[in-house]
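Open the model in a viewer and keep the selection tool at hand. The stops below go one residue or element at a time.

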Amino acid sequence: MVREGYPKRWKQLAKSILERDGYICAWCGADLRELGVTASVDHVVSLKDGRAEGWTEAELNDPSNLAAACRSCNSSRRGHGPPRRLDRRARSSSSEADNRQ
């Protein structure tokens with residue numbers, strides 16, 4: 001059973017996000033496999049905040065809004081901005097695009 005607000009394919013999506021991010025927490029950089037903690041997938045823009053801003057369920061659950069996270073970071077980061085790792089990845093992508101122009 002999948003919680004409300006999560007797509008039916010959540011388990012498959014979560015697995016692909018964890019693999020994409022190399023099982024590294026986007027918030028603290030912990031190796032989720034090495035620590036033996038339960039890996040989770042976090043919404044960068046939370047479901048609550050996204051809905052308040054008019055995001056659709058598809059936008060909220062888009063891979064670009066999801067990141068691998070350790071359980072501790074996922075449950076404790078409420079109200080914090082984007083993770084440093086994702087921030088760097090976004091800056092890197094935008095600077096690569098700038099260099100191509």
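Start by selecting H43, which is buried, with a relative accessible area of 4%; buried means under 20% relative accessible area, exposed over 50%, and partly exposed in between (1.4 Å probe, protein chains only). This is a predicted model, in which local features need pLDDT of at least 70 and side-chain atom pairs count only at pLDDT 80 or more, while totals for chains, interfaces and linings use all residues. Residues are numbered from 1 along each chain as its sequence is written, and side-chain values use heavy atoms, leaving out hydrogens and water.

H43 lies in strand β1, and so does V41; the strand covers residues 39–43. Strands (E, at least two residues) and helices (H or I, at least four) are DSSP runs, numbered from the N terminus. Select V41 next, which counts as buried because its relative accessibility is 9%. Leaving aside residues up to four places away in sequence, V41 touches W10, A14, I17, L18, L66, A67 and N74, where contact means heavy atoms within 4.5 Å.

Finally, colour by pLDDT, the predictor's confidence in each residue, from 0 to 100. Confidence is highest in helix α1 (residues 10–20), at a mean of 95, and lowest in helix α6 (residues 84–100), at 45. Residues 87–101 have pLDDT below 50, and this stretch has two contacts in the model beyond near neighbours in sequence.
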